[in-house]
Amino acid sequence: MYKRQKRDAADQLDRRTNQALLQQILPPQVAKQLLSGKQVEPEKFEEVTIFFSDVVGFTDICAQVPPIKVVKMLNELYTVMDYCTAQFPLYKVETIGDAYMVRVSLCINASVTIMLHVICSIVSGRSADKGS
């Protein structure tokens, strides 16, 4: 009986985790349909913003500076980027090494997207200055 309760609790945790993930990365109406087992019809969006960042010269930087400085540089950069994703309707898709990928919410208007482009450009410019 104990093994079954443990398995049921693990299954419930998995379901909650999956629900939370779907609600983060998909528009609310799509997540709701998927979670209720309904088929989701494709939608067309005129504008969607995906932000990719990459540290220019990262391999050369890694070869020339101590590893702790590389870690510190990436930590500073991604702390700022994580702050931006927490302040705006953004979803951090992935961080691998020096690459950072963010998806802007599909349900926001173009003025917010433009503002985010400006913020990301400023952040990218500042982080490039710190890395050199």
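This is a short chat about one predicted protein model.

Me: What should I know before reading the numbers?
Reply: The model is predicted, so local features need pLDDT of at least 70 and side-chain atom pairs count only at pLDDT 80 or more, while totals for chains, interfaces and linings use all residues. Residues are numbered from 1 along each chain as its sequence is written, and side-chain values use heavy atoms, with hydrogens and water left out.

Me: How many helices and strands does the protein chain have?
Reply: The protein chain has five helices and three strands. Helices (H or I, at least four residues) and strands (E, at least two) are DSSP runs, numbered from the N terminus.

Me: And in what order do the elements run?
Reply: From the N terminus on, the order is α-α-β-α-α-β-β-α.

Me: What percentage of the residues count as buried?
Reply: 22% of the 132 residues do. Buried means under 20% relative accessible area, exposed over 50% and partly exposed in between, with a 1.4 Å probe and protein chains only.

Me: Switching to rings. How many aromatic pairs are there?
Reply: The count comes to one aromatic pair. Rings of Phe, Tyr and Trp (its six-membered ring) pair if their centres lie within 6.5 Å; planes under 30 degrees apart count as stacked, over 60 as edge-to-face and the rest as tilted.

Me: Why do Y78 and Y100 count as stacked?
Reply: Their ring centres are 5.1 Å apart and their planes are at 20°, so the pair is stacked. Y78 lies in helix α4 (residues 67-87) and Y100 in strand β3 (residues 99-104), so the pair ties together parts that are 22 residues apart in sequence.

Me: Is Y78 buried or exposed? And Y100, buried or exposed?
Reply: Y78 is buried, at 9% relative accessible area. Y100 is buried too, at 1%.

Me: Now the helices. At what angle do α1 and α2 cross?
Reply: The axes of α1 (residues 2-25) and α2 (residues 28-35) cross at roughly 150° and come within 7 Å. Axes are lines fitted to C-alpha atoms, for helices over the stretch in contact, and angles run from 0 to 180 degrees between N-to-C directions.

Me: Which residues meet there?
Reply: Q19, L22 and Q23 in α1 meet A31, L34 and L35 in α2. Contact means heavy atoms within 4.5 Å.

Me: Last one: where is V40?
Reply: V40 is in the loop between α2 and β1 (50-54). At 25% relative accessibility, V40 counts as partly exposed.

Me: What does V40 touch?
Reply: Not counting residues up to four places away in sequence, V40 touches V30, Q33 and L34.
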